Amino acid sequence: MAKLTDDEFVALLDRYRAELFRYVARNVWNDSVIEDVFSSAVLAAYKQLDEFEAGTNFRAWMYRIVTNKCYVANREFKRMSIDIESVDESHFAVQPELERRMLDDPEWFLEACSDELHRAMRQLSTNERSCFLLLTIAKCSYKEIAGILEIPVGTVMTHLARGRKRMRRLLAEYAQAGGIIKNVKSGVKPACQRSA
Amino acid sequence: MATDKDLLRQAYMDGELSVEEIIRFESERSEEEFRALQAEQAFESVLIEKLEADCACPDELWQDIQNRIAASQRQPQTRRLVLWLAALAAVVTIVAGLLPGGNARSLLFHSELAAVKDRIEVPGDWQKIRSSLTEHGFHLALTEPGTDAYHKIELYGLLYHDLAGEQVAEVCFTCCGEPISVYLSKDQDVDLTQLVDFPASTFRHSSPIDKYQVLAVGGHSPTEILSLFS
């Protein structure tokens, strides 16, 4: 089995470090551990370098290690992922009219939601968030996500569907509570939000 | 559970359908449904843009990781020795912990921290250290780590330095067994690195907190410890 040299490892990692770091930053619940989780994942990968076969999918291998580190960090944070079969999805449904308003001007809406976006992302279950981030930030296919998370493709699809619904629901609730949706209804967006 | 129709729609949006499936899917959609799909795709692309913003990998972190890997490369022959020494230290630690009056914890401290030990003016009591800092004009809040803290943080003690007539406080911690010192100065211009007692420090982080200049150094990332100060 061909092995990567240390220099090859660093060179490959340099190619993917930006996306891997973004993935960690959006995956862990506690901002103060982002750099620690990223460093420990990289150093863990370096220690396990003998287990990686040169020429196979380095990126997917790194995502698997990084994802495990995120799981551990989040578990330390005393938050467990939700059992996939035990969730009542009616809790995540957004009223059609509310959803239409969100989709009407996404640039403005998401700018108005600001930091709430990251909070909403962190309220997804670990699997929902990992699937969504691997799809969007890492641009992985369903099959690649299934391989990284070691779950069936059908489960990936379910996590994605549920995560998206939940995220929209959380943002919609925030938008209603903060008066963002109300401004849309009256047809007048505050100047500061229009310019954002 | 999401319906098959929902999952098919999602797979179309995510580019997961084959050409034949795409043709069949599109032929069964009305114009209104297409508009809704486009709106959802637009929403998600903005959402991804927002998620990707403002979270670049810091260059100094990447440099630090490279340095650690390079250090391992330079000393491959010492790895086994280090492992043996670590195993030996663990055994000594356990044995010392079993001896009457033995202090196993102190054996985990690095020599740098042991060097500071004799100069500690206020031992590791959160309340006493807060009081001492206030008495010396350092009006900073120092919060104890919560039970949900990611790292194991212990307060080791406090000492003061005189640096060109300016008083500098040094609060000593251990984080996951690694020593970390946080230097506090009321003067933003004084060079705190002159005081650094940890020559082998892996991490150095300098940033102001309120009106104070703060420098943290040690063998572990000081991020969580710095978050205790405000």
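Because the model is predicted, local features are reported only at pLDDT of at least 70 and side-chain atom pairs only at pLDDT 80 or more, while totals for chains, interfaces and linings use all residues. Residues are numbered from 1 along each chain as its sequence is written, chains are lettered from A and ligands numbered from 1 in the order in which they are written, and side-chain values use heavy atoms, with hydrogens and water left out.

The size of an interface is often given as the accessible area lost when the parts come together. Here the area buried between chain B and chain A is about 4500 Å², buried area being the accessible area (1.4 Å probe) that two parts lose on being put together, summed over both. Carbon and sulfur atoms give 64% of that area.

Side chains of opposite charge can pair when their charged atoms come close. A salt bridge is defined as a side-chain nitrogen of Lys or Arg within 4 Å of a carboxyl oxygen of Asp or Glu. By this rule there are 18 salt bridges over all chains, and seven are found across the interface of chain B and chain A.

Asp14(B) and Arg164(A) form a salt bridge with an N to O distance of 2.6 Å. This pair crosses between chains, from Asp14(B) in the loop between helix H1 (4–13) and helix H2 (19–27) of chain B to Arg164(A) in helix H9 (residues 153–177) of chain A. The helices named here and below are DSSP runs (H or I, at least four residues), numbered from the N terminus. For accessibility, buried means under 20% relative accessible area, exposed over 50%, and partly exposed in between (1.4 Å probe, protein chains only). Asp14(B) counts as buried because its relative accessibility is 17%, and Arg164(A) counts as buried because its value is 11%.

A second salt bridge joins Glu52(B) to Lys139(A), at 3.7 Å from N to O. This pair also crosses between chains, running from Glu52(B) in helix H3 (residues 31–52) of chain B to Lys139(A) in the loop between helix H7 (126–136) and helix H8 (142–149) of chain A. Glu52(B) is partly exposed at 26%, and Lys139(A) is exposed at 53%. Lys50(B) and Glu107(A) meet in a further salt bridge, with 3.3 Å between N and O.

Within chain A, Glu116(A) forms a salt bridge with Arg119(A), the closest N and O atoms being 3.1 Å apart. Both residues belong to helix H6 (residues 116–122) of chain A and are three residues apart, about one turn of the helix. Glu116(A) is buried at 13% relative accessibility, whereas Arg119(A) is partly exposed at 47%.

A cavity is a set of points, on a 1 Å grid over the protein atoms alone, where a 1.4 Å probe fits but cannot get out, and its lining residues have an atom within 4 Å of a point. The search of the whole structure finds two cavities of 30 Å³ or more, where a volume is the space filled by probe spheres set on the points, joined across faces, edges and corners.

The largest cavity has a volume of about 60 Å³. Its lining consists of Phe132(A), Arg164(A), Met167(A), Arg168(A), Phe43(B), Glu44(B) and Leu47(B). H9 of chain A and H3 of chain B are the elements that give two or more residues to this lining. Glu44(B), one of the lining residues, lies in helix H3 of chain B and is buried at 8% relative accessibility. Beyond its neighbours within four places in sequence, Glu44(B) is in contact with Phe132(A), Thr136(A), Arg164(A) and Asp14(B).

The second largest cavity, of about 30 Å³, is lined by Asn57(A), Arg59(A), Ala60(A), Cys140(A), Glu144(A) and Ile148(A). Helix H3 (58–76) and H8 of chain A each give two or more residues to this lining.

Finally, the backbone. Most residues other than glycine have a negative phi. Lys139(A) has a positive phi, near 55°, and Glu150(A) likewise has a positive phi near 55°. Glu150(A) is in the loop between H8 and H9 of chain A and is exposed at 62%.

Technical notes. On a 1 Å grid over the protein atoms alone, a cavity is a set of points where a 1.4 Å probe fits but cannot get out, and a pocket is an open set with protein on both sides within 12 Å along at least five of seven lines; lining residues have an atom within 4 Å of a point. Contact means heavy atoms within 4.5 Å.
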